[in-house]
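Have the model open while you read.

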Amino acid sequence: TCTTDPGRPFVPADDEVAHRGPGVGLFPTRDGRWLALAGVEDHLWAAICSWLDAPHLAEPPHDTHAGRMAARTMLAGELAARIVARDASGLLATAGPDVPVELVRSHEDVVSDPHLRARGFIRGSTDGDLRTVVEFPVRIGDARSAATDRAPDPAADLSTVLAELEQ
């Protein structure tokens, strides 16, 4: 179970990390932000451990994916404890280009991003609401997204949903 309590390290339960390595996931920071890690490969794991001042966690048997998977709960807990002890800005400032980390941004951060706005990823809704819509970043033909501004209601929109699935 996730916790956003910055005073308490986030330690995923065994069943929450059973399908992924310890260097992959979302980790809270001391200031209440979240970081996403994506370190599956051995060299990325070593970079994460070095970045968090824990190079010993990349030593045998944890220097291989199989070794990390065998101790994934303990290792994820070690990373989580080191990450939750620091603010996101400090962690990101010390991450080198080989550390697979990114800040999980809030909706407000995303919709106010000048780069995303300039690229046309942010737009107003077209269904009359005053919502801001974040477009899917991949173009499909000439369109960026085939989705509507609202999720379909499976009961009311069954024929529309089935028609889209058949395309």
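1. Start with Asp113: its side chain makes a polar contact with the side chain of Arg105, at 2.7 Å. (A polar contact is a pair of N or O atoms within 3.5 Å; within protein, one must be able to donate a hydrogen and the other to accept it, and residues adjacent in sequence count only if both atoms are side-chain atoms.) Asp113 sits in the loop between helix H6 (107-111) and helix H7 (114-118). Asp113 counts as buried because its relative accessible area is 16%; the cut-offs are under 20% for buried, over 50% for exposed and partly exposed in between, with a 1.4 Å probe and protein chains only.

2. Keep in mind that this is a predicted model, where local features need pLDDT of at least 70, side-chain atom pairs count only at pLDDT 80 or more, and totals for chains, interfaces and linings use all residues. Residues are numbered from 1 along each chain as its sequence is written, and side-chain values use heavy atoms, leaving out hydrogens and water.

3. On the fold: the protein chain has eight helices and five strands. Those are DSSP runs numbered from the N terminus, with helices being H or I of at least four residues and strands E of at least two. Read from the N terminus, the order is α-β-β-α-α-α-α-β-α-α-β-β-α.

4. Buried residues make up 34% of the 167 residues in the protein chain.

5. Now look at Phe136, in the loop between strand S5 (132-134) and helix H8 (158-166). Phe136 counts as partly exposed because its relative accessibility is 46%.
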